[in-house]
Amino acid sequence: AALAALVGFLTFRRRLRGTYFAILTQAIAFAVWLMLNRNEMRLGGTNGLTDFKSILGFSLGAPATLRALYVFTAALLVSAFLLSRWLVRSKTGLVLQAIRDNERRLEFLGYNVASYKIFVFAISGALAGLSGLLYAPQVGIITPSQVGVLPSLEIVIWVAFGGRGTLWGALVGAISINWLRSVLTASYPMLWPIILGGLFVSVILFFPQGLVGLGARLGDLGAGKRTVDATGEVAPASKAEERIG
């Protein structure tokens, strides 16, 4: 969170936005990847940090410990989701949505846009750090391959596949893509990058709003069909709205 706040302060205060900010963050990720690959850092170099065998005195190989970590991770996931939902529905969340839709107009109205962007960027950094904290002991190893441009692009695919602009989309995308990874890499490990890229292209071309948007569209179609009278004629607009309500 502190590192994200520092990066945000140095960039957002200079009105860096959009594509330029995305390029800068990817450059920082690549620089960190290069730094972690150096053995001088005493972080294991390309092998990373390995041999995680216990946590707080409990063996990571014990089924009870793994089960407890799983439950703890699920609880924190729910907590992070509820926190994000509360933030989005608050007045601050309303300002953040306004920044997303028309940042220049909000600046014209007198809002300190940079402060809001630094705030939400720091929260994103905190959630990312928390996820890494939970990831390492459960997998037992953390390498530089988990840091850099490619992992960050994969997270973008999670969000696009699940549904952009929604909290549920990010959650559904992360779970579904990682479930597919677990299933497909066991049988087709060499084809997984191609499959992942194909999924991303398919989402962009056929359902750009992701799985959540596709589900909402199917729900709207189902609701529209229910507004048709038994005679086969479409109900009036007011009657249709009444039935949908």
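Reader: Is Glu-103 buried or exposed, and what is its relative accessible area?

Author: The model is a predicted one, and within it Glu-103 is buried, with a relative accessible area of 15%, which falls under the 20% cut-off for that class. The side chain of Glu-103 meets that of Lys-117 in a salt bridge, with 3.1 Å from N to O. This pair links distant parts of the chain, since Glu-103 belongs to helix α4 (residues 91–108) and Lys-117 to helix α5 (residues 113–139), the two being 14 residues apart. Lys-117 is buried as well, at a relative accessible area of 14%.

Another joins the side chains of Arg-100 and Asp-101, at 3.0 Å from N to O, and here both residues are exposed. A further salt bridge is formed by the side chains of Glu-154 and Arg-181, for which the model gives 1.8 Å from N to O. That pair, too, links distant parts of the chain, with Glu-154 in helix α6 (residues 149–162) and Arg-181 in helix α7 (residues 167–187), 27 residues apart. Glu-154 is buried, with a relative accessible area of 15%, whereas Arg-181, at 26% relative accessibility, counts as partly exposed.

The search of the whole structure finds five aromatic pairs, and among them is the pair of Phe-81 and Trp-168, which is tilted, with 4.7 Å from centre to centre and 55° between the planes. It links distant parts of the chain, Phe-81 lying in helix α3 (residues 63–89) and Trp-168 in helix α7, 87 residues apart. Phe-81 counts as buried at 14% relative accessibility, while Trp-168, at 49%, counts as partly exposed. Elsewhere, ring pairs link Phe-12, Phe-21 and Phe-121 into a cluster.

To return to the part you asked about, Glu-103 and Lys-117 meet in a salt bridge, and the pair links helix α4 with helix α5.

Conventions: Residues are numbered from 1 along each chain as its sequence is written. This is a predicted model: local features need pLDDT of at least 70, side-chain atom pairs count only at pLDDT 80 or more; totals for chains, interfaces and linings use all residues. Side-chain values use heavy atoms; hydrogens and water are left out. A salt bridge is a side-chain nitrogen of Lys or Arg within 4 Å of a carboxyl oxygen of Asp or Glu. Buried means under 20% relative accessible area, exposed over 50%, partly exposed in between (1.4 Å probe, protein chains only). Helices (H or I, at least four residues) and strands (E, at least two) are DSSP runs, numbered from the N terminus. Rings of Phe, Tyr and Trp (its six-membered ring) pair if their centres lie within 6.5 Å; planes under 30 degrees apart count as stacked, over 60 as edge-to-face and the rest as tilted.
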